[in-house]
Amino acid sequence: MRSDLQGKIMAASTPKYSVLLPTYNERENLPIVIYLLDREFNKCAVDYEIIIIDDNSPDGTLQVAEQLQSLFGEDKIILKPRMGKLGLGTAYVHGMQFVTGDFIIILDSDLSHHPKFIPEFIRKQREGDFDIVTGTRYKRGGGVWGWNLMRKLTSRVANYLAATLLRPASSDMTGSFRLYRKESLKRIMEKTISKGYVFQMEMIIRARQLGFSIAEVPVTFVDRLMGQSKFGVNEITGYIKGLLTLFATS
């Protein structure tokens, strides 16, 4: 089935895809995710670039990225580091300044989002000429691996609250594995003010307000195998505050 999917993608016109990859302490995961991205894009015979936005990781992530750039080429691996840990939303804004592709893909750099789903994202976008394709853990074929009961419950409650208060056009508001048409993402970013984990949720809300078309692809989220999770009490508190702010302003 995957070979048929890849064949259809190869037969179609092939725009360029830009990956925005914010990193912080991901030196162990980065080589693997870059290898997998390169493999999937090459299988699909599409042009691509990966823009790595490292926030001055103390573990030497940027040095690993420089080695990967030497291996894959400066046209494929583009390094745009920042001076400190400034947040996910501003990382995307920073990275978008250097995008040369027609579509932008965002995913986590810790291997929670497997690049093997990217061909399906591309196929789905072309199927309906959608502005956005977002991965979902909460439709048939999607799921989560490696989370304990509390983390699963937290995610479910977060999505339930978002669906109840905001009535979005997505079944997975807190997911962060997405494909955007470049011009659509630029307009969304102009209206998005949140930071942290609420940022992804607000982007879907703003996309709905702007009238952009949204499709979903079931994906499997796998908890990180290496490194430490950045999810904690501060993120939960920030999510609740952000959710209430969006409810009041949308």
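1. The buried residues of helix α4 are covered by elements that include β1 (17-23), β2 (48-54), β4 (103-106), α7 (182-191) and α8 (198-209). These buried residues of α4 (residues 88-96) are Gly89, Ala91, Tyr92, His94, Gly95 and Met96. Buried here means under 20% relative accessible area, exposed over 50%, and partly exposed in between, with a 1.4 Å probe and protein chains only. Helix α4 lies across β1, β2 and β4, and runs at about 140° to β1. Contact means heavy atoms within 4.5 Å. Helices (H or I, at least four residues) and strands (E, at least two) are DSSP runs, numbered from the N terminus.

2. The model is predicted: local features need pLDDT of at least 70 and side-chain atom pairs count only at pLDDT 80 or more, whereas totals for chains, interfaces and linings use all residues. Residues are numbered from 1 along each chain as its sequence is written, and side-chain values use heavy atoms, with hydrogens and water left out.

3. The sheet is open and has 7 strands in the order β3-β2-β1-β4-β7-β5-β8, with mixed pairing. Strands β3 (77-79) and β8 stand at the edges with a single partner strand each, so one side of each is left without a neighbour in the sheet. From one strand to the next, the twist averages 25°. Two strands pair if DSSP finds at least two bridges between them.

4. Two of the pairings may be given in detail. Strands β1 and β4 run parallel and are joined by 4 bridges; Ser18 has Ile104 as its bridge partner in β4. Strand β5 (residues 132-136) runs parallel to β8 and is joined to it by 5 bridges, with Ile214 in β8 as the bridge partner of Ile132. Strand β8 (residues 214-218) is mostly covered, since 4 of its 5 residues are buried.

5. Helix α2 (residues 30-44) packs with helix α3 (residues 61-72) at an angle of about 30°, the axes being 10 Å apart. That makes α2 roughly parallel to α3. Angles under 35 degrees count as roughly parallel, over 145 as roughly antiparallel, 65 to 115 as roughly perpendicular and the rest as oblique. Axes are lines fitted to C-alpha atoms, for helices over the stretch in contact, and angles run from 0 to 180 degrees between N-to-C directions.

6. In the contact of these helices, Leu30, Pro31, Ile34, Tyr35 and Asp38 of α2 meet Thr61, Val64, Ala65, Leu68 and Phe72 of α3. By class, the α2 contact with α3 has 8 nonpolar, 1 polar and 1 charged residues. Ala, Val, Leu, Ile, Met, Phe, Trp, Tyr, Cys and Pro count as nonpolar, Asp, Glu, Lys and Arg as charged, and the others, Gly among them, as polar.

7. The axes of α7 and α8 cross at roughly 110° and come within 9 Å. That makes α7 roughly perpendicular to α8. Leu185, Ile188, Met189 and Lys191 in α7 meet Phe199, Glu202, Met203, Arg206 and Ala207 in α8. The residues of this α7 contact with α8 divide into 6 nonpolar, no polar and 3 charged.

8. Two loop residues deserve a remark on backbone geometry. Most residues other than glycine have a negative phi. Asn56, which is not a glycine, has a positive phi near 60°; Asn56 is found in the loop between β2 and α3 and counts as partly exposed at 49% relative accessibility. Asp129 likewise is not a glycine and has a positive phi of about 50°; Asp129 is placed in the loop between α5 (118-128) and β5.
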